[in-house]
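We will go from stop to stop, and at each one you select something and look.

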Amino acid sequence: MAFEDRVTELAGDVYPPDGGAAERARERSLALAKPPGSLGEIEDLGARLAAISGRVPPPVPEDPAVIVCAGDHGVLGRGVSPWPREVTAAMVRNFCGDGAAVNAIAKSVGARVSVLDVGVATELARHPRLRTARVRPGTDDLSLGPAMGREEAARALMSGAGMAEELVGSGVDLLVTGDMGIGNTTPAAALVSAFTGRPPEETTGRGTGIDDETLRLKRSVVEEALALHDPDPKDPLGVLAALGGLEHAAIAGVILAGAANGTPVVLDGVISNSAALVARALVPDSTGYLVAGHLSAEPGASVALEHLGLRPLLDLGLRLGEGTGGLLAVPLVRAAARVLGEMALLEDLELG
Ligand SMILES: Cc1cc2ncn([C@H]3O[C@H](COP(=O)(O)O)[C@@H](O)[C@H]3O)c2cc1C
Ligand SMILES: O=C(O)c1cccnc1
């Protein structure tokens with residue numbers, strides 16, 4: 001079967017979250033031993049988790065995992081990032097060696113770290129933590145032509161979905177998206193512009209920290225790419241292939257697989273946010289399975305989240321990726337589920 005057909009099949013496995021369970025969770029929240037509404041967005045999150053699981057109270061996530069999807073980018077040749085391509089592979093090795101921010105933060109919240117190579121240019125040595133599913137050794141320059149073919153985009157998406165499904169099968173009950181790919185904030189900006197209709201000035205940012213001149217260049221590269229491809233948001237896979245990255249595709253797959261399995265997916269920064277737009281364009285109901293872990297400093301993040309109707313849980317000025325901001329929100333997700341499951345009711349308070 002063509003990979004594009006497999007994506008369609010996966011999309012068909014996503015059902016709307018359970019609105020009735022969300023309603024029951026909201027009613028329960030109101031009855032808990034606290035002033036109604038006093039736990040603010042934690043109550044909204046609890047209702048969301050109830051809708052995702054179809055259970056009130058929702059299960060408390062005990063076994064979270066971050067999937068760091070990695071790929072390289074032809075558009076790096078335009079000078080959109082000051083970092084050399086080789087850093088992508090070096091960081092993947094660092095994830096395997098437990099030396100990255102994502103490892104430290106994952107440990108602090110008790111999450112597993114898995115790495116998925118969907119398109120790192122450099123061939124990487126095998127490692128138990130690394131899944132190799134290299135669709136191609138990086139994308140082509142999206143400002144000159146399509147970043148990849150449709151089937152390649154579909155294949156990368158299905159690799160992300162496959163990894164997520166395997167983790168869920170092994171007991172993972174909360175997925176966190178992560179990314180690694182020098183240059184990947186450029187395709188993220190292009191995807192956000194393509195799916196939201198907002199201009200590159202509003203979606204393109206400094207990434208790892210570029211100067212004013214490079215930012216001007218990066219914006220014009222995104223503009224050129226949009227003009228070249230004239231993306232049609234009604235053809236999500238076409239947009240992804242033209243403007244995206246292999247890791248963006250894989251993250252969209254993680255989201256769809258999480259949604260199809262009724263497992264909540266916590267989004268990290270702008271790369272994940274842009275992938276969520278792809279997932280939403282493929283299956284509108286997939287957004288109901290998402291939790292926006294944090295608001296990245298990258299401007300495309302707020303544009304994307306607004307379009308998705310998601311409010312980020314944290315706003316810490318993070319602009320790293322790897323899954324770091326998503327992981328930091330894991331304790332909040334656990335707390336929201338625990339509140340619904342463990343608190344006493346207002347009517348049971350002993351006032352005497
Ligand atoms: C050492 C290092 C570690 C990283 N970890 C995540 N990123 C992040 O920065 C990159 C995107 O930014 P840009 O589009 O500006 O290149 C991605 O690899 C992303 O995951 C890193 C970047 C670097 C340099
Ligand atoms: O939003 C992110 O995750 C991000 C921002 C800058 C660079 N890399 C990732």
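Which residue just after helix 13 takes a positive phi? Select G309: its phi is about 70°. Helices (H or I, at least four residues) and strands (E, at least two) are DSSP runs, numbered from the N terminus.

Before moving on, note that this is a predicted model, in which local features need pLDDT of at least 70 and side-chain atom pairs count only at pLDDT 80 or more, while totals for chains, interfaces and linings use all residues. Residues are numbered from 1 along each chain as its sequence is written, and chains are lettered from A and ligands numbered from 1 in the order in which they are written.

**Stop 1: helix 13**

Select residues 299-308, which form helix 13. Color G300, A301, V303, A304, L305 and L308: these are buried. A residue is buried if 20 or more other C-beta atoms lie within 10 Å of its own, exposed if 12 or fewer, and partly exposed in between; C-beta atoms are placed from the backbone. An α-helix has 3.6 residues a turn, so residues three or four places apart point the same way. Now show the partners. The buried residues of helix 13 pack against helix 7, helix 8 (200-203), helix 12 (270-282) and strand 6 (290-292).

Next, pick E202 in helix 8. What does E202 touch, beyond residues up to four places away in sequence? The contacts are P299 and V303. Contact means that two C-beta atoms, placed from the backbone, lie within 7 Å. E202 and V303 are 101 residues apart along the chain, yet their C-alpha atoms are separated by 7.6 Å. E202 counts as partly exposed because it has 16 C-beta neighbours inside 10 Å.

**Stop 2: ligand 1**

Select ligand 1 and the 17 residues around it. S81, T185, G207, T208 and G321 come nearest. A residue is near a molecule if its C-beta atom, placed from the backbone, lies within 6 Å of it. Helix 4 (86-96), strand 4 (174-180) and helix 7 (185-196) each supply at least two residues of this shell. By class, the shell has 6 nonpolar, 9 polar and 2 charged residues. Ala, Val, Leu, Ile, Met, Phe, Trp, Tyr, Cys and Pro count as nonpolar, Asp, Glu, Lys and Arg as charged, and the others, Gly among them, as polar.

**Stop 3: ligand 2**

Move to ligand 2, which has 13 residues around it. G269, V270, S296, R319 and G321 come nearest. This shell divides into 4 nonpolar, 6 polar and 3 charged residues.

**Stop 4: E322**

Select E322, in the loop between helix 13 and helix 14 (324-328). An unreviewed UniProt entry annotates E322 as "active site". UniProt positions are given in the numbering used here, feature names are shortened, and annotations may be inferred rather than shown by experiment. Is E322 buried or exposed? E322 is buried, because 28 other C-beta atoms lie within 10 Å. Leaving out residues up to four places away in sequence, E322 touches V68, A100, A101, V102, G178, D179 and M180.

**Stop 5**

Color domain 1 (3-59 + 338-348) and domain 2 (64-332). These bounds come from an automatic or database domain assignment. The C-alpha centres of the domains lie 26 Å apart. Show the contacts: 21 residues of domain 1 meet 24 residues of domain 2. On the domain 1 side, helix 1 (3-12) and helix 3 (40-53) each give two or more residues. Helix 3 gives the most, with 8 residues.

Now select V68, I255 and L256, which have the most contacts inside the largest nonpolar core, a group of 117 residues. A nonpolar core is a set of buried Ala, Val, Leu, Ile, Met, Phe, Trp, Tyr and Cys residues joined through C-beta atoms within 7 Å. Helix 11 (residues 246-260) brings the largest share, 11 residues.

**Stop 6**

Most residues other than glycine have a negative phi, and most peptide bonds are trans. Select V56 and P57: a cis peptide bond joins them, with omega about -5°. Then try D98, whose phi is near 70°. Finish at D230, with phi near 40°. D230 counts as exposed because it has 8 C-beta neighbours inside 10 Å.
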